[in-house]
Amino acid sequence: MSVLSRIREDIETAKRRDPAARSGTEILLGYSGLHAIWAYRLAHRWWKAPGMKLPARLLSQLTRSVTGVEIHPGARIGRRFFIDHGMGIVIGETAIVGDDVMLYHDVTLGGRGSRPGKRHPTLGDGVVVGAGAQLLGNITIGPRCQVGANAVVVRDAPADSVLVGIPARVLPRRVAGRDRQDHDPNEWIDPTFYVI
């Protein structure tokens, strides 16, 4: 996929995810989350090239100072990733983010411990993470999960879960007698609506 096609796809994703988005031009010029993602893609390309790790890290730090979003160039991020409001996002080096993932502000995909190897979260396709949530360590969050605001997640979660609390607990997968799959995956489900 060409760079221009990816940018168009990102703008369409922002239009779909953000009801406040008024135009493609506004998104192109004014969405710091998208600017951070675009800079990350270049830094990630450099990170994989021989002898380019230092320039990649410097670009990621410059991007952090401009956008308030820190994405390590070693992280792996899928398509149609959207950061709403941007500020305060931290994504660690070994994090893996699937397609169609959305993060709100102040989310951390952070590490636990100092051992080398995989030490940051893996998010499946379609995951939505609420503002202020902290996902820590080498954990796997299954596809289509929703993480509530300010949750602290330190354990794996199966697909279609809702995670709330400190430490986060998994709420049942059925909503008022219906399967979660009946809902629009872009719609935030209020965790209080879940039957416990």
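## Ground rules

Residues are numbered from 1 along each chain as its sequence is written, and side-chain values use heavy atoms, with hydrogens and water left out. Because the model is predicted, local features need pLDDT of at least 70 and side-chain atom pairs count only at pLDDT 80 or more, while totals for chains, interfaces and linings use all residues.

Helices (H or I, at least four residues) and strands (E, at least two) are DSSP runs, numbered from the N terminus.

Side chains of opposite charge can pair when their charged atoms come close. A salt bridge here is a side-chain nitrogen of Lys or Arg within 4 Å of a carboxyl oxygen of Asp or Glu. The count comes to ten salt bridges.

Arginine 6 pairs with glutamate 9, with the closest N and O atoms 3.9 Å apart. Both sit in helix α1 (residues 3–17). They are three residues apart, so about one helical turn separates them. Glutamate 9 is buried, at 14% relative accessibility (buried means under 20% relative accessible area, exposed over 50%, partly exposed in between; 1.4 Å probe, protein chains only).

Glutamate 9 also forms a salt bridge with arginine 79, at 2.4 Å from N to O. Glutamate 9 is in helix α1, whereas arginine 79 is in the loop between β2 (76–77) and β3 (82–83), so the pair ties together parts that are 70 residues apart in sequence. Arginine 79 is partly exposed, at 32% relative accessibility.

## A second bridge, and a network

Arginine 144 and aspartate 160 meet in a salt bridge of 2.7 Å, N to O. Arginine 144 is in the loop between β11 (140–141) and β12 (146–147). Aspartate 160 is in the loop between β13 (152–153) and β14 (162–164). The pair therefore ties together parts that are 16 residues apart in sequence. Arginine 144 is partly exposed, with a relative accessible area of 36%, but aspartate 160 is buried at 7%.

Shared partners link some salt bridges. Arg6, Glu9, Arg79, Arg80 and Asp100 are joined into one network this way.

## Rings

The structure holds one aromatic pair (rings of Phe, Tyr and Trp, its six-membered ring, with centres within 6.5 Å; planes under 30 degrees apart are stacked, over 60 edge-to-face, the rest tilted). Tyrosine 31 and phenylalanine 82 form this tilted pair, 6.5 Å centre to centre, with 35 degrees between the planes. Tyrosine 31 is in the loop between α2 (24–30) and α3 (32–48), and phenylalanine 82 is in strand β3, so the pair ties together parts 51 residues apart in sequence. Tyrosine 31 and phenylalanine 82 are both buried.

A charge meets a ring too. The charged end of lysine 53 sits over the ring of tryptophan 47, 4.6 Å from its centre (NZ of Lys or CZ of Arg within 6 Å of the ring centre and within 35 degrees of the ring normal).

## Helices α3 and α4

The axes of α3 and helix α4 (residues 53–67) come within 8 Å and cross at roughly 175 degrees. That makes α3 roughly antiparallel to α4 (over 145 degrees; under 35 is roughly parallel, 65 to 115 roughly perpendicular, the rest oblique). Axes are lines fitted to C-alpha atoms, for helices over the stretch in contact, and angles run from 0 to 180 degrees between N-to-C directions.

## Isoleucine 89

Isoleucine 89 is in strand β4 (residues 89–91). Isoleucine 89 is buried, with a relative accessible area of 1%. Leaving aside neighbours within four places in sequence, its contacts (heavy atoms within 4.5 Å) include Gly68, Ile83, Leu103 and Val107.
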